There are 2 protein chains.
Amino acid sequence: MNVRLSELIEAYIKELMEESDDFVEFGRNELAEHFHCVPSQINYVISTRFSPERGYYVESRRGGGGNIRIKRIELSQNDYIMHILHSIESNLSQNEVGIMIQNMVEYDIVSEEVARLMSVATNDKVLNLPNDLKDSVRTRIFKNLLINLI
Amino acid sequence: MNVRLSELIEAYIKELMEESDDFVEFGRNELAEHFHCVPSQINYVISTRFSPERGYYVESRRGGGGNIRIKRIELSQNDYIMHILHSIESNLSQNEVGIMIQNMVEYDIVSEEVARLMSVATNDKVLNLPNDLKDSVRTRIFKNLLINLI
DNA sequence: TACTTATAAAAGTCAAAGAAAGTCAAAGTA
DNA sequence: TACTTTGACTTTCTTTGACTTTTATAAGTA
């Protein structure tokens, strides 16, 4: 596959959210239908892209008329950074850090330049460490960079 | 073999880069397919020809839709940075990196903010690595940050 | 009517399969 | 000897689907 479906779905949800005051509500099945994918794909996107540590609040209801609601938590720049810092409980992959940095750019927490430097300093190829060290070193660097931003 | 395949691949990537503003993005498998070689040949070319010393920054993603991205900085237009890059012949201590960063601030190559970020990302305490790894990781991070300053 | 039960319509979970790129060392070549 | 090519094996991220849980509503019963 050429383009990642997950990213299309992520972008779509963010677009909807922009249009309606940082809040979006949808049926999981409808959205899956719209993208011609299985419903659990939506869960994957939510858990990798719209988790609390990324600054979102998610709730849902099952059963007839059930749906999923995502609300972006509105925080000042410093609070946003503090929120991320507090919510990091385990080590992060390059991808996870990348998604967080991308969000920070989108929400004007950091400049493009700072974002670029942060992703360089947390990049797998750059670190080039054995697997048992990679994620922990990356996470330490990332956290310290965040602290530095406050 | 008469002509080294590695050189053909190198030339091809550079050609693509010329055409598109010093940036290329491709699938490793596609490129390998194009040259009828094994995918790991691409890694060999990248690691031997597209290093920071030569002015390149490389990043990649695995998994579905994964790819490799290479960007280049114009050597001649960034004299000072290339000068620093070339002057690094062995691994650097925190102190040595610190001095270089300070010089860059004095010469107005980087802002205070960026300088601070660079020091955090190359700091001993932050990296918290065994001695045999510390300096090499620091140096890789520093070099790659340099490439990305522009 | 009030309460219980069945049915169907959601969303959630989790692990397997798939799709990429990375690593490393052996073999080949100049 | 130094550089290049190859390929088996690993790691990372995404997609899929079978199975589970929850909830609203309709149907049945006292």
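1. A polar contact is a pair of N or O atoms within 3.5 Å. In this predicted model, a phosphate oxygen of DNA strand C lies 2.8 Å from an N or O atom in the side chain of B:Asn43, so the pair falls under that definition.

2. Two further pairs link chain B to the backbone of this DNA strand. A backbone N or O atom of B:Asn29 is 2.8 Å from a phosphate oxygen of DNA strand C. For B:Arg62, a polar side-chain atom is found 3.2 Å from a sugar or linking oxygen of DNA strand C. The elements that contribute two or more residues to the surface near DNA strand C are α2 (28-34), α3 (39-49), β2 (56-61) and β3 (67-72) of chain A, together with α2 (28-34), α3, β2 and β3 of chain B.

3. DNA strand C is surrounded by 32 residues, and among the closest are A:Arg28, A:Lys125 and B:Asn43. The residues of this surface comprise four nonpolar, 21 polar and seven charged. Of the DNA strand C atoms within 4 Å of the protein, 71% belong to sugar or phosphate, and the rest to bases.

4. Chain B contains an open, antiparallel sheet of three strands in the order β1-β3-β2. Its edge strands are β1 (23-26) and β2 (56-61), each pairing on one side only. Neighbouring strands are turned by 15 degrees against each other on average, direction ignored.

5. Within chain B, six bridges join β2 to β3 (residues 67-72), and these strands run antiparallel. B:Glu59 has B:Arg69 of β3 as its bridge partner. Helix α3 (residues 39-49) of chain B lies across β1, β2 and β3 of that chain, at about 20 degrees to β3.

Notes:
Residues numbered from 1 in each chain as written. Chains lettered and ligands numbered in written order. Predicted model: local features only at pLDDT ≥ 70, side-chain atom pairs only at ≥ 80, totals over all residues. Heavy atoms only, no water. Pairing = 2+ DSSP bridges. Helix = DSSP H or I, 4+ residues; strand = E, 2+ residues; numbered from the N terminus. Axes fitted to C-alpha atoms, helices over the stretch in contact; angles between N-to-C directions. Contact = heavy atoms within 4.5 Å. Near = heavy atom within 4 Å. Polar contact = N/O pair within 3.5 Å; in protein donor to acceptor, adjacent residues only side chain to side chain. Nonpolar A, V, L, I, M, F, W, Y, C, P; charged D, E, K, R; others polar.
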